[in-house]
Amino acid sequence: MTAQVAKPQAFVRELLGRSDYAIIGEIVEPRTKVLDLGCGDGDLLQWLAENKGVDARGVEKSSSKVQRAIARGVSVYQGDIDEGLADYPGGAFDYVILSQTLQETHHPRTVLREMLRVGRRAIVAFPNFGHWRMRFSLLLGGRAPITARFPHNWYDSPNIHILTVQDFEELVQLDGIRVERRYFLAGGRKVSVRPNLLAETAVYLVSGASR
Amino acid sequence: MIVESNVVRFDCMPLDNGAKLAPVEVAYETYGELNARKSNAILILHAFSGDAHAAGISHETGKPGWWDNMIGPGKAFDTNRYFVLCANVLGGCRGSTGPSSVNPATGCPYAMAFPVITIGDMVRLQKMLIDWFGIERLLAVSGGSMGGMQALEWAVSYPDSVVSAIPIACTTRHSAQQIAFNEVGRQAIMADPDWNEGNYYGRQLPARGLAVARMVGHITYMSDDSMREKFGRRLRGKENFGYAFDVDFEVESYLRYRGSEFVNRFDANSYLYITKAMDYFDLVNGHGSLAAAFEAARARFLVISFSSDWLYPSYQSQEIVRALRARNCDVAYVELQSNYGHDAFLVDVAEQTDLIRGFLASTYEKAQ
């Protein structure tokens, strides 16, 4: 486990009701080009466009969410994350964001690789399946855990590739992906120790292999 | 909103086939006010059988425009904010120069002596009109079906004159199926003895051929679902089959009505020329790939398709979107759910309105 966060525990500001958005909002530099994968109704993109002057684009599977995004003026296209990135030329974006969606993709490893092809950097936020509540639920209940972060029954869950902080750390190491920054969150607080056990959400800023 | 059509005449225009057309007239309507900077102009592009009367109530006919549900105060193309223009296409029969216009060389209608025209030619004439207005950049070009093809042509041919493009239910090139339906329509017209090699002006019109062509067209504009909903197997004004070949079914009555009504407002030769222009349209032509064709494009795009449109299926819109992504162009796309088939862009406009209103507002804001 290489994850280390020096800062003491502190409340994290919320952006649009979400603390991972607040972190992403901090990370993204002004006037950059951003692609948000699984952007929902484009609320984060709209915020980034209005407050950071970014050139904001998005991909979303749900037709009704795409409609709401376009109606609020954000350039979103209806499509699948697993396939959608292939069309873009390399280095088309400064940031490619994947927020709470990595565990829903069919080929997360390919998606990550593609994100770092079309973007100079990637921001990945995902729910940590290693959180102690999940572990307890499974250990004591003996059933696929249902929590605030994983609210679905196993049979209708969109989460097909659940992962832990530890899992993600191992994958980036395996694929030679450089972690520039990592943030761990639980209940609106930053987590500084044992993130694999204590973090509900992880946010990573990563870039392509430096070799 | 009572509106009137106007006509501008130009001395001459070059055509893609190498010929020149002189003179050439273009009929247009406008709605709303052009602002001082001329930065709020939107060009609406009509589909195959449309005309310049896109919105408002016609001063002459008392009829609403073909996209009156989309254009007007507070509507998707909000005439309180934008200056909206629509022109009849080159080759048309509703005020712009076409095969029914008088050929100055003979003093008679051109008929089949009219040069074969392209979507590119239609757009070139629209550009002349826009220049005549002194508009350097259009805030948006938009239309469905053939109107969408023109919007794409605009974005590629005049990239510096278009801030945004909204092609709806269209394609970058006709498939074999689309060409096939057009050819059935053309053959129906040309098989009518009254067509007379195109020389029917002042005589009996090829009404039967044109009506059959239109009937085929209307089938392709609807969907299986919408036809079932609208007609089912209901009989027309009778309880039992007539055991004859006059109208039994409601759908037969509808198609016959649509066919005969069309004859009164559309020129059969325009049908031939305009469908040919659609079939020839191919954005890839001379570029190698669609992505290469979009190399020059600078516009922001909103592409819309409809789930039940089998004449211009969503995959054709998605091809546009993929090529634009490959060029890293700014593109938004959605497939709207509708049962209305290809007609959806004309009749099922609630969701389309929200999309276009939001897209235009943000485009206008960025462009100022």
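Is the crossing of H3(B) and H7(B) left-handed or right-handed? Hold that thought. We will come to it with the helix pairs. One caution before we start: this is a predicted model.

Let's take chain A. Chain A has eight helices and eight strands. Along the principal axes, its C-alpha atoms fill a box of roughly 45 × 40 × 30 Å. How does the radius of gyration of chain A fit a compact globule? A compact globule with 211 residues would have a radius near 17 Å, and chain A has 17 Å, so the two agree. Of those 211 residues, 46% count as buried. Now the contacts. Take those in chain A between residues at least 6 apart in sequence: 64% of them join residues at least 24 apart.

Look at helix H1 of chain A, residues 19-27. Its buried residues are Ser19(A), Asp20(A), Tyr21(A), Ile23(A) and Ile24(A). What covers them? The cover includes one helix, H2 (43-52) of chain A. It also includes strands S4 (93-99), S5 (119-127), S6 (178-186) and S8 (201-207) of chain A.

You will find Gly40(A) in the loop between strand S1 (33-37) and H2 of chain A. Is Gly40(A) buried or exposed? Gly40(A) counts as buried, because it has 20 C-beta neighbours inside 10 Å. The cut-off for buried is 20 or more. Which residues does Gly40(A) touch, leaving aside its neighbours within four places in sequence? They are Glu60(A) and Lys65(A). Glu60(A) is 20 residues away from Gly40(A) in sequence, yet their C-alpha atoms are 5.9 Å apart in space.

On to chain B. Chain B has eleven helices and 16 strands. Its radius of gyration is 20 Å, close to the 21 Å that the globule rule gives for 368 residues, so chain B is as compact as a globular protein of that length. Its C-alpha trace spans about 65 × 50 × 45 Å along the principal axes. Buried residues make up 53% of chain B. For contacts in chain B between residues at least 6 apart in sequence, 72% join residues at least 24 apart.

One residue here, too. Asn6(B) sits in strand S2 of chain B, residues 6-10. Asn6(B) is partly exposed, because 13 other C-beta atoms lie within 10 Å. Exposed would need 12 or fewer. Asn6(B) and Ala87(B) are 81 residues apart along the chain, and their C-alpha atoms are separated by 9.3 Å.

Now the helix pairs in chain B. Start with H1 (residues 119-132) and H2 (residues 146-157) of chain B. Their axes come within 9 Å and cross at roughly 70 degrees. H1(B) and H2(B) are therefore roughly perpendicular to each other. Their crossing is right-handed. From H1(B), the contact takes Ile119(B), Gly120(B), Met122(B) and Val123(B). From H2(B) come Met149(B), Gln150(B), Glu153(B), Trp154(B) and Ser157(B). By class, that contact has five nonpolar, three polar and one charged residues.

Back to the opening pair. H3 (residues 176-190) and H7 (residues 268-280) of chain B pack at an angle of about 160 degrees, with their axes 10 Å apart. H3(B) and H7(B) are therefore roughly antiparallel. And the answer: the crossing of H3(B) and H7(B) is left-handed. H3(B) brings Ile179(B), Asn182(B), Gly185(B), Arg186(B) and Ile189(B) to the contact. H7(B) brings Ala268(B), Tyr271(B), Leu272(B), Thr275(B), Met278(B) and Asp279(B). These residues divide into six nonpolar, three polar and two charged.

Last stop: where the chains meet. The contact takes 16 residues from chain A and 21 residues from chain B. On the chain A side, helix H3 (63-71) and strand S3 (75-78) each supply at least two residues. The largest share of that side comes from H3(A), with five residues. By class, the chain A side has eight nonpolar, five polar and three charged residues.

What does H3(A) meet across the way? One partner is helix H11 of chain B, residues 350-367. The axes of H3(A) and H11(B) come within 7 Å and cross at roughly 40 degrees. Gln67(A), Ile70(A) and Ala71(A) of H3(A) make this contact with Glu351(B), Asp354(B), Leu355(B), Gly358(B) and Phe359(B) of H11(B). Their classes are four nonpolar, two polar and two charged.

Methods: Residues are numbered from 1 along each chain as its sequence is written. Chains are lettered from A and ligands numbered from 1 in the order in which they are written. This is a predicted model: local features need pLDDT of at least 70, side-chain atom pairs count only at pLDDT 80 or more; totals for chains, interfaces and linings use all residues. Two residues are in contact if their C-beta atoms, placed from the backbone, lie within 7 Å. Helices (H or I, at least four residues) and strands (E, at least two) are DSSP runs, numbered from the N terminus. Ala, Val, Leu, Ile, Met, Phe, Trp, Tyr, Cys and Pro count as nonpolar, Asp, Glu, Lys and Arg as charged, and the others, Gly among them, as polar. Axes are lines fitted to C-alpha atoms, for helices over the stretch in contact, and angles run from 0 to 180 degrees between N-to-C directions. Angles under 35 degrees count as roughly parallel, over 145 as roughly antiparallel, 65 to 115 as roughly perpendicular and the rest as oblique. A crossing is left-handed if the near helix is turned anticlockwise from the far one by less than a right angle, and right-handed if clockwise. The radius of gyration is taken over C-alpha atoms; the globule rule is 2.2 Å times the number of residues to the power 0.38.
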